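I opened my notebook to look up a few spots in this structure. My entries follow in the order I made them.

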Amino acid sequence: MKVRFAIGPGSDAGDRGALIAFADALEATGFDGVWLSDIPLEPVLDPLLALALIAGRTRRLRLGANVVPLGRNPFLLAKELAQLDQLSGGRLLLSFVTGLGHPREREALGLEGSRGGALEQTLARVRDWWGREHAARPVQDRLEVWLGGRGPKALDRVGRVADGWLGAMLTPSESAFARERIQESAARAGREVDPEHFGMSIPYARSTPDEALLSSLRARRADVDPLALLPVGVPALRELIAAYVEAGLSKFVVRPAERIVSWEDEAGWLGEAILGMQT
């Protein structure tokens, strides 16, 4: 398997200067790419706008994003994604996610009914627009769209319609089970998800995290020790990645759980910590 790492900025790339510092530091390393997340009601940059800026400053990095497609016009979304792939020379990577599902977010997005069902419908319509001759078409002949999620319905959906899976907040053993369930769903649909298209988003800390951060993790997974999902220091980070690889995962988004003072320093630390694990 080809083990690859993309780096997410956490909550620090909230303005132009921070985003440029992040992109420049990662472009100078051997990491595979960058990865941004769409959080509609938080004061973070829209990932498609941010990736357009990064595309203009970089030549090598692959440009990944978790995108909440809900509430977006499918035709305009298809056009924006195709043009971003064009502007970046075919470097775009995508994961569609349903968002956090808070009542305020659902209201802001104009969403009624099932988030999963709406996501699946939007994905089908976006792909349809990419296949039409008169519509904007991406450089990549098949612009892949991965999905996330960890519940049974979400995993079955990955197997039926997605090109890959990017999980989060799962232990290595849970990830192995999720991978198996996805492939079982794919087999029932008469297809197979590429064995190398399974990944995990991993938060990390360089030193002991504060209680507020640990409490936020407990709120999301009360049944798991937060330090089982948040490695602290180089040995713990490497051990967790190795366990995910053993479980059949090979693509990783690694992101700091705490504020970064210097991305040049952070990229150097991460490079020494995990770049040797890329294959």
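I started with leucine 100, which is exposed, with a relative accessible area of 53%. Exposed means over 50%, buried under 20%, and partly exposed in between (1.4 Å probe, protein chains only). Leucine 100 lies in the loop between β4 (92–96) and α4 (103–109). Helices (H or I, at least four residues) and strands (E, at least two) are DSSP runs, numbered from the N terminus.

I noted the source next. This is a predicted model: local features need pLDDT of at least 70, side-chain atom pairs count only at pLDDT 80 or more, and totals for chains, interfaces and linings use all residues. Residues are numbered from 1 along each chain as its sequence is written, and side-chain values use heavy atoms, without hydrogens and water.

Then I looked up serine 201. Is serine 201 buried or exposed? Serine 201 is buried, with a relative accessible area of 12%. I found serine 201 in strand β7 (residues 198–204). Its side chain makes a polar contact with the side chain of arginine 255 (2.9 Å). Such a contact is a pair of N or O atoms within 3.5 Å; within protein, one must be able to donate a hydrogen and the other to accept it, and residues adjacent in sequence count only if both atoms are side-chain atoms. Leaving out residues up to four places away in sequence, serine 201 touches Leu166, Gly167, Ala168, Val253 and Arg255. Contact means heavy atoms within 4.5 Å.

Last, I checked helix α10 (residues 263–274). Its buried residues include Trp263, Trp269 and Ile274. Their cover includes β7 and β8 (251–256).
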